[in-house]
Amino acid sequence: MAVKQLSGQWNRKDTVKSILFFLLHTIILIVVLAAVLLADELSHIREYMKENGADYLYALFAVIMLLLIMYFYFLFEDKEILRKFKDVTMIFAVLDLYFVASYYIGDLLSVYARPVAFVGLMVFSLSNRKNAIFMNIVSALLVFIIDTFSGGVTTSTNEYYSSLIIAFSAGMIAIFLCSQAKTRFSIVGIGILIVFPIDLIVFLLELSTLFSGEPSIAGLTVWQSIWVNMGFGLFGGVMSAILFLTVLPLFEFIFNRLTVFRLREMTSSDAKLLKRLKEEAPGTYNHSVMVAQLSEACALAIGENADYARAAALYHDVGKLAHPEHFTENQVKGDYNLHDELSPELSADIIRSHAQGGYALIQRNHLPQFFADVAVQHHGTLPIRYFYAKALKLSDSDSDLNIEDFSYLGPKPQTKVAAIIMIADAAEAAVRAQNAYQPEQAERAIRSVIEERMDLEQFSECDITMVDLTKIRHALVHTLTGVKHKRVEYPPIRYKRTESGTKGENE
Ligand SMILES: [Fe+2]
Ligand SMILES: [Fe+2]
């Protein structure tokens with residue numbers, strides 16, 4: 001399932017845009033249908049259309065009706081898809097691909113070999129379960145309309161209906177099983193599992209041939225043709241998974257879509273930037289893992305997407321990779337501090353550049369835009385107090401010092417998740433620096449982190465509420481003191497080996 005995107009107000013301009021997007025893709029789909037169906041008839045298209053024109057006209061109206069219903073479904077159920085040209089293209093591209101694959105597989109092999117679960121699996125992964133269920137129905141009906149009214153690829157009426165039933169039910173079962181899929185490769189298992197319902201339906205539908213004694217495949221016995229058709233069913237299930245595994249990464253890349261599979265791969269410690277962080281800036285890596293855990297708890301507490309918050313938090317400080325040794329968490333205690341030789345202005349410049357640097361690095365690595373936004377927003381426009389204080393100490397008068405020269409460039413957090421990561425980041429550092437792992441100490445430290453950010457108006461550009469901030473504070477105290485609770489000190493025991501056994505005594 002894809003991660004939920006943020007929404008805004010829907011206005012008349014959005015309606016006009018969505019109609020235009022949909023109309024354009026409807027035309028493209030009709031052109032694709034015509035190109036596939038009429039490719040062999042081009043040499044005698046006039047005569048062909050004279051004979052079959054009425055059927056094609058009927059098919060055309062049926063397809064337009066189906067797409068009109070599809071538009072209204074998204075308008076009432078998921079407007080966000082209609083808002084972006086890219087998202088409408090993505091949904092139609094899945095439908096176009098399914099039609100082309102179904103047509104040729106049906107033509108070359110059998111209608112039972114079609115990749116029936118493809119649309120359900122794709123839309124589930126790229127969007128959500130509700131849209132997947134709806135698009136599964138649309139795709140099954142689309143192929144049924146083409147089969148029925150345009151002289152599609154099938155020959156027997158029985159096969160029209162059986163392929164409709166198979167497409168609908170196998171797609172639905174695949175969608176239900178998909179919720180359990182942890183990795184994209186477990187989809188192969190789903191492809192194999194859906195073979196059972198497909199083959200059961202094929203078997204039941206083909207049973208009628210036992211009574212009539214006429215096999216559905218010419219040249220074979222009735223039982224042979226049943227087995228062959230069930231083999232095609234197996235091919236259809238496996239084909240759905242193979243097509244899904246091949247096409248999904250392409251769609252994730254082209255449409256920059258954040259699926260749960262992609263999110264899991266990006267948050268693995270083997271992900272390219274996280275691996276670099278672990279090797280080149282281990283202190284920052286440990287800090288990021290902690291901030292990720294805290295952000296996840298905070299997101300859960302205020303009803304935001306916890307997976308999304310956790311993933312974005314893991315990447316919030318990747319900009320430090322440019323100069324890892326300039327950040328405290330990567331310096332060994334007692335070691336020579338690189339900032340001792342630098343002017344406070346230069347030090348502040350290096351420190352604050354990690355926000356912009358992270359933004360650029362995340363974009364260069366084609367990671368989600370949201371990660372880049374969090375990286376550049378997680379310090380908002382806060383001053384870097386340590387170096388500002390150092391500059392004040394070094395200067396004769398403070399009049400020529402501008403605090404903005406010692407502040408992050410922003411922007412301030414634009415979303416609740418970015419605000420969560422800003423707070424969790426500072427809370428983790430404050431509690432660690434003050435060793436404030438007792439609940440009251442942690443509460444005080446976190447309260448002051450939130451209050452300082454409120455005083456400096458860091459939340460003025462996102463819709464976080466006081467209720468949210470209170471819940472975040474509780475979640476942080478609970479997680480930090482729960483994770484870093486003080487352990488009971490055990491008295492040391494010295495063990496003595498005697499002839500009768502081992503004895504212990506207090507040291
Ligand atoms: Fe940072
Ligand atoms: Fe940080």
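**Exercise 1.** How far apart do the C-alpha centres of domain 1 and domain 2 lie?

*Solution.* This is a predicted model: local features need pLDDT of at least 70, side-chain atom pairs count only at pLDDT 80 or more, and totals for chains, interfaces and linings use all residues. Residues are numbered from 1 along each chain as its sequence is written, while chains are lettered from A and ligands numbered from 1 in the order in which they are written. Start with the bounds: domain 1 is 12-257 and domain 2 is 262-483. These bounds come from an automatic or database domain assignment. The two C-alpha centres are 47 Å apart.

**Exercise 2.** Check the span of helix H10, then find its kink.

*Solution.* Helices are DSSP runs (H or I, at least four residues), numbered from the N terminus. The expected span is 1.5 Å times one less than the number of residues. Now the kink: about 30° at Val247, shortly before Pro249. The bend is the angle between axes fitted to the seven residues ending there and the seven starting there. Just after H10, Asn256 has a positive phi of about 45°.

**Exercise 3.** Which residues of H19 are buried, and which are exposed on the other side?

*Solution.* Count other C-beta atoms, placed from the backbone, within 10 Å of a residue's own: 20 or more means buried, 12 or fewer exposed, in between partly exposed. Ala442, Ala445, Ile446, Val449, Ile450 and Arg453 are buried. They lie on the same side of H19 because they cover an arc of only 130° around the axis. The arc is taken from the directions from the helix axis to the C-beta atoms. On the other side, Glu440, Glu451 and Asp455 are exposed.

Terms used. Helices (H or I, at least four residues) and strands (E, at least two) are DSSP runs, numbered from the N terminus.
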